[in-house]
Amino acid sequence: FGTLTPFHHACMAQRVEKPLPEPPVLPAPESLRDDGLASLGFTSMPVRADETVLNWGASILEHWNISETAALEILRRFLSPGGGLQRYEQGRQLADASAVTRISPYLRFGLISPRFMFYEMKAAGAKERSIVYWRRLVWRDLAYWQRSVFPQMRDKPIRAHYEGQSWNDDPVALRRWQTGQTGFPLVDAGMRELWATGWMAQNVRMAAAILLCEHLNIHWIEGEKWFHH
């Protein structure tokens, strides 16, 4: 599947299993050992010239309530009568993200499951209220599906004729794009929001990508690296 519509039809033809209920009890392990998060090697913080650590994640933590409870509240408030869903169809393109859920980080890190979200949306009549939003989970799965079928797409174009593209390797231009100093207000605001919160609206992200690849002619791999930084 290269496009959404046939993939969506294939997904809707499948049965979506309901999420399992909460277990009545979770047996505690006999012993616990805490080596700290640093031992897991998730990331390493950059070090300044004076050897102090730059905790670039501090501002991200300030912008999110990282919990399952928060994920449920956000989703149910959005789906409720008078919530964001009724504005989504017409307002999803707004740069201020006032008509979207901001639920993607919670999905990404497993604080809420796609199956649970599917049945909550179904119960709220999301398909009838906004067909575009109804398809968002399918868009997400299409991306994962394509990555599984085309594992090379992270660093090679799916369409081979794009491999001959000559790219601009100007490090100054790339850095200005990364730090939101291009001179294009929409893109700069989005890139600064990304740095401060770890998130940016979809359409702003698309605008930033277009500027990087189409106007600055910088390889899309550099954009992929930065968004996964």
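Leaving aside neighbours within four places in sequence, which residues is tryptophan 177 in contact with?

**View 1. Tryptophan 177 and its contacts in the predicted model.** Leaving aside neighbours within four places in sequence, tryptophan 177 is in contact with Thr182, Val187, Met191, Ala208, Leu211, Leu212, Leu216, Gly223, Trp226 and Phe227. Is tryptophan 177 buried or exposed? The relative accessibility of tryptophan 177 is 0%. Buried means under 20%, so tryptophan 177 counts as buried.

**View 2. The largest nonpolar core.** This core has 39 residues. Tyr133 and Trp177 touch the most other members. At least two residues of the core come from each of α3, α4, α5, α6, α8, α10, α11 and α12 (202-215). Helix α3 gives the largest share, 7 residues. There is also a second, separate core of 5 residues. Phe7, Cys11, Val138 and Leu142 are among them.

**View 3. An edge-to-face pair, tryptophan 177 with phenylalanine 227.** The structure holds 10 aromatic pairs. In this one, the ring centres of tryptophan 177 and phenylalanine 227 are 5.9 Å apart. Their planes stand at 80°, so the pair is edge-to-face. The pair links distant parts of the chain. Tryptophan 177 belongs to helix α10 (residues 171-178), and phenylalanine 227 to helix α13 (residues 220-227). The two are 50 residues apart. Phenylalanine 227 has a relative accessible area of 28% and is partly exposed, whereas tryptophan 177 is buried.

**View 4. A stacked pair, tryptophan 195 with tryptophan 226.** Centre to centre, these rings are 6.0 Å apart. The angle between their planes is 10°. Tryptophan 195 sits in helix α11 (residues 185-197) and tryptophan 226 in helix α13, so the pair ties together parts that are 31 residues apart in sequence. Tryptophan 195 is partly exposed, at 39% relative accessibility. Tryptophan 226 is buried, at 13%.

**View 5. The buried side of helix α1 (residues 4-12).** Which residues of helix α1 are buried? They are Leu4, Phe7, His8 and Cys11. Why are they on the same side of α1? They cover an arc of only 105° around the axis, and this puts them on one side. Among the elements that cover them are α8 (131-134) and α9 (136-149).

**View 6. The two sides of helix α6 (residues 114-123).** Met117, Phe118 and Met121 are the buried residues here. The face turned away from the buried side carries Lys122 and Ala123, which are exposed. Glycine 125 follows α6. Its phi is positive, near 70°.

**View 7. A charge over a ring, arginine 108 with phenylalanine 109.** Arginine 108 lies over the face of phenylalanine 109. The distance to the ring centre is 4.8 Å.

**View 8. Confidence along the predicted model.** The mean pLDDT of the protein is 90. Of its residues, 100% reach 70 or more. Which element has the lowest mean pLDDT? That is helix α4 (residues 85-91), with 86. Helix α10 has the highest, 97. Where pLDDT is low, predicted coordinates should not be read in detail.

Technical notes:
Residues are numbered from 1 along each chain as its sequence is written. This is a predicted model: local features need pLDDT of at least 70, side-chain atom pairs count only at pLDDT 80 or more; totals for chains, interfaces and linings use all residues. Side-chain values use heavy atoms; hydrogens and water are left out. Buried means under 20% relative accessible area, exposed over 50%, partly exposed in between (1.4 Å probe, protein chains only). Helices (H or I, at least four residues) and strands (E, at least two) are DSSP runs, numbered from the N terminus. The arc is that of the directions from the helix axis to the C-beta atoms. Contact means heavy atoms within 4.5 Å. Rings of Phe, Tyr and Trp (its six-membered ring) pair if their centres lie within 6.5 Å; planes under 30 degrees apart count as stacked, over 60 as edge-to-face and the rest as tilted. A charge sits over a ring if NZ of Lys or CZ of Arg is within 6 Å of the ring centre and within 35 degrees of the ring normal. pLDDT is the predictor's confidence in each residue, from 0 to 100. A nonpolar core is a set of buried Ala, Val, Leu, Ile, Met, Phe, Trp, Tyr and Cys residues joined through side-chain atoms within 4.5 Å.
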